[in-house]
Amino acid sequence: MNYDWDWASLGESLPLLWEGFKTTVLATVLGTLVAAVLGLLVAMAGRATGRAVTVPVRAATEFVRSTPLLVQLAGAYAVFHTVDPLTIGIAVLGIHYASYLSEVYRAGIDAVPKGQWEACRALSMTPRRTWRAVILPQAVRNVLPALGNYAIAMFKETPFLAVITVQEMVAEAREYGATHFVYAETFTLAGLIFLAASYPTSLLMRKLEKRLGH
């Protein structure tokens, strides 16, 4: 059985895929912001001295890491079904990746030389000022490449949002393919768009990592 590639469908489906792509980018950008902020807070909470803080934080982090993103999305959608699905998706993506970024931040904080901490204490700087002015700027600089790589990974996992009815790019490709019987064309186009967006970004992250490493 021969299959005739439908070139016309590529142009016809592109506007729909573009709308889905904008949703994909929005979910990635906002999800990354949530993950970056929440991951930092989790990392700092993990350094607290009281077990009343560290134990629940570590338990929650391990739970998120040990369960699939797909299950987390479906579970959150079932519980918060009255909330906008895209909002749920952004929150779940952010929380999921925050659990990984917290370890990245922890490593970045641990990489700050001990002399920096000692100098802050010698200058009688408050803990808040120590973190804001000395530790966090250095730690964040250390984790920027990893943060970018996780953002790319999140971008490629946004198709999972279709499970909770978010019309991201792959969902739009599947819908167009189902109505016009051109799955191969639309999924290929979606894949090429993913490649065109993520590959240059990954190259930039590699250059940034090399630059910060020197």
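**Close-up views of a predicted model**

Figure 1. Thr54 is found in helix α2, which spans residues 51-66, in a model that is predicted rather than determined by experiment. With a relative accessible area of 5%, Thr54 is buried. When its neighbours within four places in sequence are left aside, the residues in contact with Thr54 are Ala45, Gly46 and Ala48.

Figure 2. Trp18 counts as partly exposed, at 48% relative accessibility, whereas Phe21 is buried, with a relative accessible area of 14%. Trp18 and Phe21 also belong to one aromatic cluster together with Phe155 and Phe194.

**Figure 3. The aromatic pair Trp117 and Trp131, between helices α5 and α6.** The ring centres of Trp117 and Trp131 lie 5.4 Å apart and their planes are at 85°, over the 60 degrees required, so the pair is edge-to-face. This pair links distant parts of the chain, since Trp117 sits in helix α5 (residues 114-122) and Trp131 in helix α6 (residues 127-157), 14 residues apart. Both Trp117 and Trp131 are buried.

**Figure 4. Ser124, a loop residue with positive phi.** Most residues other than glycine have a negative phi. Ser124, however, has a phi near 60°, a positive value in a residue other than glycine. Ser124 lies in the loop between α5 and α6, and with a relative accessible area of 62% this serine is exposed.

**Figure 5. Thr165, a further loop residue with positive phi.** The phi of Thr165 is near 70°, again a positive value in a residue other than glycine. Thr165 is placed in the loop between α6 and α7 (169-180), and at 47% relative accessibility Thr165 counts as partly exposed.

**Figure 6. Confidence along the chain.** The chain averages a pLDDT of 89, and 97% of the residues score at least 70. Where pLDDT is low, the predicted coordinates should not be read in detail.

Conventions
Residues are numbered from 1 along each chain as its sequence is written. This is a predicted model: local features need pLDDT of at least 70, side-chain atom pairs count only at pLDDT 80 or more; totals for chains, interfaces and linings use all residues. Side-chain values use heavy atoms; hydrogens and water are left out. Buried means under 20% relative accessible area, exposed over 50%, partly exposed in between (1.4 Å probe, protein chains only). Rings of Phe, Tyr and Trp (its six-membered ring) pair if their centres lie within 6.5 Å; planes under 30 degrees apart count as stacked, over 60 as edge-to-face and the rest as tilted. Helices (H or I, at least four residues) and strands (E, at least two) are DSSP runs, numbered from the N terminus. Contact means heavy atoms within 4.5 Å. pLDDT is the predictor's confidence in each residue, from 0 to 100.
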